[in-house]
Amino acid sequence: MRWQIEPKKSSGPREPLKTPTRDASFPLAAADLESFHAGRESALHDMLGAHPCEREGVAGTRFAVWAPRARAVALVGSFNEWETGRDPMFPVGGAGVWELFLPGVGPGELYKFQVYSGTDDAPLAVEKTDPMGRAAELRPGTASRIVSSEPYAWADADWLESRPERAAPGTPISIYEAHLGSWRREPDGSWLGYRALADALLRYVADLGFTHVELLPITEHPYDASWGYQTSGYFAPSSRHGAPEDFAYFVDEAHRLGLGVVLDWVPGHFAPDLPGLRTFDGAPLYEMGEEPRAVHPDWGTLVFDHGRPEVVSFLLSSARYWIERFHVDGLRVDAVASMLHLDYSREAGQWEPNEAGGRENLGAIAFLRALADMVHDRFPGVLLFAEESSAWPGVTAPTDEGGLGFDFKWNMGWMNDTLRVLGAPPERRPALHERLTFSLHYAHGERYLLPLSHDEVVHLKRPLMEKMPGSDEEKFAGLRLLLGYMWTHPGAKLLFMGGEIGARREWDEAGSIDWTLLNEPPYQGILRWVRALNQLYVREPALHALDHAPEGFEWLDVHDARHSVLSYVRWRPDWEDFVVVVANFSATAWPEYRVALPAAGTYRVLLDSGDPAFGGGGRTQLPESAEEVDYLKRPAALTVDLPPLGFLVLQRIATYSATGTG
C-alpha cells in the first residue's frame with residue numbers, strides 16, 4: 001500500500017512503539033469528540049495536542065491531532081531525530097483524529113505532525129505545527145514544544161473573586177495598549193522577556209493610573225511585522241518573550257498591581273504560512289474553501305470557515321484556554337466587521353451570498369454569539385471588546401435579544417471625527433464643529449470604547465503629537481486637549497503606547513519608544529497629564545458611573561462653533577453632583593468667556609491643561625463664585641479667560657470637598 005509509512009532504521013537511543021494499537025485505557029475515545037464535531041466544544045485543548053502524562057505507570061506524552069482527510073500521520077521531533085516514519089499515529093474510529101502515546105518523551109521536546117495526503121499517483125507529505133500547540137520554538141523555526149502539565153502557582157485568588165465587580169457596568173475602564181516587542185528593548189536591541197516586562201511595563205502602567213493593559217497579539221506568529229495579527233499558534237504565547245509559565249507570571253503580577261490584562265485575539269483569519277493551519281490535511285480544513293476565495297484581500301491571510309463546527313470548537317477552545325489557563329481578563333476581538341460581512345473588501349464575483357441570498361456571514365454571527373455566551377457564562381467579569389467599524393446593530397446587545405453579546409464596541413466614528421478636527425488648522429475648525437459633537441447622537445446606542453490605537457500612528461498617519469498643527473507649543477497643547485476630551489467623553493478609554501509621552505516618531509515594531517524624550521519637561525508634562533486624567537477618571541463617579549446612560553451627559557453649549565468651544569456636564573448617579581468640562585478647540589484666547597452652569601455656587605478647577613506642571617502656559621483663574629443669572633437656559637454662569645487650546649474640568653467646591661478628592 002503506497003500510503004503505509006515505511007519506518008526508517010532508528011539511530012536514536014529510544015525504542016519506538018513497534019506496533020501502535022488502541023489501548024482501552026487511553027483517555028481519548030471517539031465519543032469524547034462528539035461535541036467537537038457539533039461545534040460546542042470549548043475545551044478541545046484537553047483532548048487534542050501534546051499532553052505529558054502516565055500510561056500504565058510509564059511517563060510519556062499523549063499526542064492527538066485532527067486531520068480527517070489525511071491518509072496517514074506520523075510524529076517527528078527532537079525525540080526521534082526528526083526521522084520520518086519512526087512514530088506513526090493511528091486513527092480514532094471515524095472521528096478524523098489521530099493519536100499516539102510515546103513513553104519517555106516529555107516537556108521541552110520539539111515536535112511536528114507529518115501529514116500524508118494527496119493521491120496514490122501524487123502523494124504529498126507536509127510537516128505541520130500542532131494546531132493545539134501550547135508553545136513553539138522561536139521563529140524562523142516552526143516546531144511545537146511540549147510543555148509541562150503542572151499548573152502555575154497562582155497568587156491572584158482575590159483578584160479573580162473581585163473581577164465581576166471590576167467589570168460591572170459603570171466602572172472605569174482605561175486601557176494602555178502595548179506591543180511587547182517594541183515598548184522597550186534591551187540595550188543590545190533584543191526583546192524583553194515576560195518577567196522583565198512584568199517588572200518594567202506593568203509598574204509603569206499602574207503608576208499612570210490605567211485600569212488595564214492590552215497586548216497586541218502575543219499568540220504565536222511567524223512574521224514580526226504582522227504585529228501578531230497573522231497568528232499561527234492559537235494556544236501558544238509567543239516564544240519571543242519566554243515560556244508559557246513566564247507569561248502566567250506576567251498576568252499574575254498585573255493582578256497584584258491592580259491591572260487587568262486584555263489580549264488582542266484574531267479569530268477571523270490566520271497566517272498563510274504552510275507549516276501552520278493552511279490546507280492542514282492536504283485540502284482546506286480551517287479556511288473558508290479553496291484559494292483565492294479563502295484569502296483575505298486586505299491582509300493576504302486565510303479566512304476561517306466559521307460555518308464548520310470543528311473550526312468553531314477550535315476557536316471557542318482558544319478563547320477559553322487563554323482565560324482559564326492564563327487568567328486573562330478580556331479579549332479584544334480583531335476585525336469583527338470583516339467577519340460579519342461576506343463581501344468585506346471584495347468585489348462582485350469574489351464572494352458568495354449566504355443561504356438566504358444576503359451578505360451576512362451567518363456562521364461568523366453564530367460563532368460570535370457562542371463566544372459571548374461561553375465567556376460570560378463560564379467566566380463572569382471577563383470582558384469582550386469588538387473592533388467593529390461598520391454600522392452593524394446590537395454589537396453590545398445581549399445574545400438573547402439578538403445582539404452579538406460583546407461588552408464594548410470600538411467607537412471608530414468618534415476617533416475619526418475627533419482626529420480630523422484636531423488635525424485641521426484651527427481656522428478651519430468652526431466649519432468642522434459638528435464633527436466634535438456628532439458622536440453624542442449615537443454614544444449610548446452601544447457600550448463604546450474610545451480608541452486612540454496603534455492603527456492611528458503607523459503607515460504614514462503620524463503619531464498623535466505630529467497630527468497636531470502649529471508650533472511645538474500648540475502641538476503639546478493640542479495633544480493635551482485631545483486627551484482631555486477623550487477622558488471626559490462617554491466611553492471606556494484606550495491609548496496606544498507612546499501617546500502618553502507625546503512620541504514624535506511613528507510606531508515601528510522593530511524599534512522602541514523614544515524614552516529619551518522624558519529628559520525634556522514638555523514630554524514629562526504630557527505624562528503627568530495622562531496620569532492626572534486617569535486619577536480623576538477613576539475617582540470621580542461623574543466621569544464613569546453613568547458612562548453608558550444618556551442621562552449622564554448633558555451639553556451646556558454645543559453650538560459655539562464661532563469660538564470652537566464646547567462645554568458640557570457629566571452627572572453623578574445621584575443627579576445632585578456633577579463636573580463641568582470646557583474645551584477650547586481654537587488656537588485663540590477668549591478673554592471673559594461666559595460658561596453656562598447647571599447650578600450657582602463657588603467652583604474650583606479639578607484639571608487645567610494650562611497648568612505649568614503639564615507643560616501649559618499658566619493656570620486659569622476663576623471668579624469667587626458663579627453669577628446667578630439665566631444664561632443659555634441655565635441658572636448660573638461663570639466668566640473665565642479661556643487660553644488657546646485650553647481644557648478645564650470644574651466642580652463646585654462643596655461637592656469637591658465632600659468627596660475628599662482634593
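Strand β20 (residues 448-452) and strand β21 (residues 492-496) pair side by side in the parallel sense, over four bridges. Pairing here needs at least two bridges found by DSSP, and strands of a sheet pair through backbone hydrogen bonds, either parallel or antiparallel. Helices (H or I, at least four residues) and strands (E, at least two) are DSSP runs, numbered from the N terminus.

Keep in mind that this is a predicted model: local features need pLDDT of at least 70, side-chain atom pairs count only at pLDDT 80 or more, and totals for chains, interfaces and linings use all residues. Residues are numbered from 1 along each chain as its sequence is written, and side-chain values use heavy atoms, with hydrogens and water left out.

Now zoom out to the barrel. Eight strands close it in the order β10-β11-β14-β17-β18-β19-β20-β21, with parallel pairing. From one strand to the next, the twist averages 25 degrees. Helix α12 lies across β10 (174-178), β20 and β21, and runs at about 150 degrees to β21.

Next come two helix pairs. Axes are lines fitted to C-alpha atoms, for helices over the stretch in contact, and angles run from 0 to 180 degrees between N-to-C directions.

| Helix pair | Axes come within | Crossing angle, roughly |
|---|---|---|
| α9 (residues 412-423) and α12 (residues 472-488) | 11 Å | 155 degrees |
| α5 (residues 244-256) and α6 (residues 309-326) | 10 Å | 70 degrees |

Who touches whom? Contact means heavy atoms within 4.5 Å. W414, T418, L419 and L422 of α9 meet G478, L481, L482, Y485 and M486 of α12. That group splits into seven nonpolar, two polar and no charged residues. In the other pair, P244, F247, A248 and V251 in α5 meet W322, R325 and F326 in α6. This contact has six nonpolar, no polar and one charged residues. Ala, Val, Leu, Ile, Met, Phe, Trp, Tyr, Cys and Pro count as nonpolar, Asp, Glu, Lys and Arg as charged, and the others, Gly among them, as polar.

Finally, a salt bridge is a side-chain nitrogen of Lys or Arg within 4 Å of a carboxyl oxygen of Asp or Glu, and the count comes to 30. One of them joins R134 and D46 (4.0 Å, N to O).
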